[in-house]
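I opened this notebook to record what I looked up in one structure. The entries follow in the order in which I made them.

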Amino acid sequence: MGLGTIIATEGSPSTSEFSFVLHSDVKKGQYVQAEHRQGMLFGYVSEICKSNRYFERAESVAEFEKNSGMKNFPSDSWEYVVGLVKILGVYNSGRFERAFSPPSPGLKVANADSEILRTFLGFTDDGLDIGTIEHHDVPAKISMTRLLQKHFAILAMSGAGKSHLSGVILEELLDRKKEDGRVAVVVIDIHGEYSGFAHDPKYGPLTKVIAGKEICIPLKKISPELFCEWIPNLSVPQRDVLRHAVSALRKDNFNFHQLLAAIDEAGVSSDSVTRALKRSLMELRRYRFLSKTRENPRLLSDVKPGNLLVLDFSEIDSLRKKQILVSLVARRLFRLRKQSKIPPFLLLIEEAHNFAREKAEEREAVSRSIIETIAREGRKFGASICLVSQRPVNLSTTALSQCNSHVILRVTNPNDLDHIQMSSEGIDSRVVKSITGLKVGEAIFVGEAVNYPVFISVRDRKSEKREKGAPLHRQAIDFEQAKEKKEKGAEAFL
Ligand SMILES: Nc1ncnc2c1ncn2[C@@H]1O[C@H](COP(=O)(O)OP(=O)(O)OP(=O)(O)O)[C@@H](O)[C@H]1O
Ligand SMILES: [Mg+2]
């Protein structure tokens, strides 16, 4: 369908841009094409301006005002709309090249062909169906390998649709066929938003939800190094004592008392060394995830291709406990993957700024080092990470810079915007300007996953959403109603 006609203006058409008079509705950001000697010229509408020669001259405006209401004044017919197009390339038999000559004025401009769009952006038929390309009815099917292999981050302010988009990506991963390659997915679910998958008729059988309080691990499976990571400020003698005690016990299952006894035995050198060490271990014990034999989740059997494992942390209050559990799970996942004992996986971490914090004291940084390690080395082993965060400023720059694709939804905080611009390669000023204007559910994909930054309207969820946090007035009404009901019940009883 024709959208307009290329016009000659000062300096355009050139090999990088052209203007066209619009015959029909065109949106800023829409992709367009025009015939060209080399093939099909392809670009996007970077701006739309209105012009009316009649109102350019002071005397004609004054005349118009004087005779306001003049019925036969033809000012309307002088108004026209001009679209400015940035040329992105020329498409010729499946390939893109640079335009070596400008298009001719007078040529017709049309809406971009969906095949050209897909090739240009790098979408694949077996890709993840995230939604549609903004202003086009073309599915945005992002290659799974390109998105996951070099990790990705979903960044946006609160309420912009990060968890919704994560849910959409999970659905797509669970929907994949065996022959297309399926990964296992593990989600660190901070607000209990992903348990809906377990109640869904389609995804339920593929989903296992484990409450954070149920997570436990036999002491035998914890290496002395991991203990040292959890208790970072141990002195060299304390580390020695701990290593000695744990190594001696690890041949068999052992419980906490046996660990303390072994430390007493190993730590003859000085009383204060062992006492402080035991105190730190007691703190770990209070988090109630260390056991003699119980193990949950059993990663070897719970991490399966095309399946989802949700670790629901919504009932854990202590941030430190959450960090310790993330470090435990991430470390074990990565080790098992390196040994090829579990399939390639995606580990999606909500509120990632709490687990890979840029400026953290050592004690607060327990989970950061393993997240950074997977971000750096995971690619070779099929271990992918997705960091979801509303505070990108607080996210480890090492981890964030290893996320080769960034998905950005609405952000308005200037600090966050600056940080995103600095850490996302391929974001130009056009994209940055658009971020604050995004609506809920609109996302920009940049980086490895796509050939060119693209605006995507994220599709609806197929599975049931479990949202936490009803509107405030609803919560207030519910509270009072529940209270009244209780009081009435008590009166009736009396
Ligand atoms: N593409 C979309 N289509 C329809 N509704 C959406 C879409 N994206 C988000 N929403 C709705 O917007 C609301 C906020 O979305 P969501 O919970 O995903 O935000 P969030 O960025 O994860 O917020 P928070 O930082 O608080 O976790 C939800 O009610 C969600 O259902
Ligand atoms: Mg969320």
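I count two strands as paired if DSSP finds at least two bridges between them. Strands (E, at least two residues) and helices (H or I, at least four) are DSSP runs, numbered from the N terminus.

I note that this is a predicted model, in which local features need pLDDT of at least 70 and side-chain atom pairs count only at pLDDT 80 or more, while totals for chains, interfaces and linings use all residues. Residues are numbered from 1 along each chain as its sequence is written, chains are lettered from A and ligands numbered from 1 in the order in which they are written, and side-chain values use heavy atoms, with hydrogens and water left out.

**Entry: domains.** I looked up the domain assignment, whose bounds come from an automatic or database source. It gives domain 1 (2–121), domain 2 (139–209 + 301–458) and domain 3 (218–290). I found the C-alpha centres of domain 1 and domain 3 to lie 71 Å apart.

Entry: I traced an open sheet of 11 strands with mixed pairing, in the order 9-8-20-19-18-10-17-16-11-15-12. Its edges are strand 9 (139–142) and strand 12 (207–211), each of which pairs on one side only.

**Entry: strand 17.** I found that strand 10 (residues 152–155) runs parallel to strand 17 and is joined to it by 4 bridges; Ala153 stands opposite Leu387 there. Strand 16 (residues 345–349) also pairs with strand 17 in the parallel sense, over 5 bridges, and Phe345 has Ala383 as its bridge partner.

I then checked burial (buried: under 20% relative accessible area; exposed: over 50%; partly exposed: in between; 1.4 Å probe, protein chains only). In strand 17 (residues 383–389), 7 of the 7 residues are buried, so the strand is largely enclosed by the rest of the structure. In a regular strand the side chains alternate between the two faces of the sheet. Here Ala383, Ile385, Leu387 and Ser389 point one way, and Ser384, Cys386 and Val388 the other.

**Entry: strands 18 and 19.** I recorded strand 18 (residues 405–408) and strand 19 (residues 442–447) as antiparallel, joined by 4 bridges. His406 has Val446 as its bridge partner in strand 19.

**Entry: cysteines.** How many disulfides are there? With a disulfide taken as a pair of cysteine sulfur atoms within 2.5 Å, I counted 0. Cys403 is in no disulfide, and the nearest cysteine sulfur, that of Cys386, is 7.5 Å away. Cys403 is buried at 4% relative accessibility, and Cys216 is buried at 6%.
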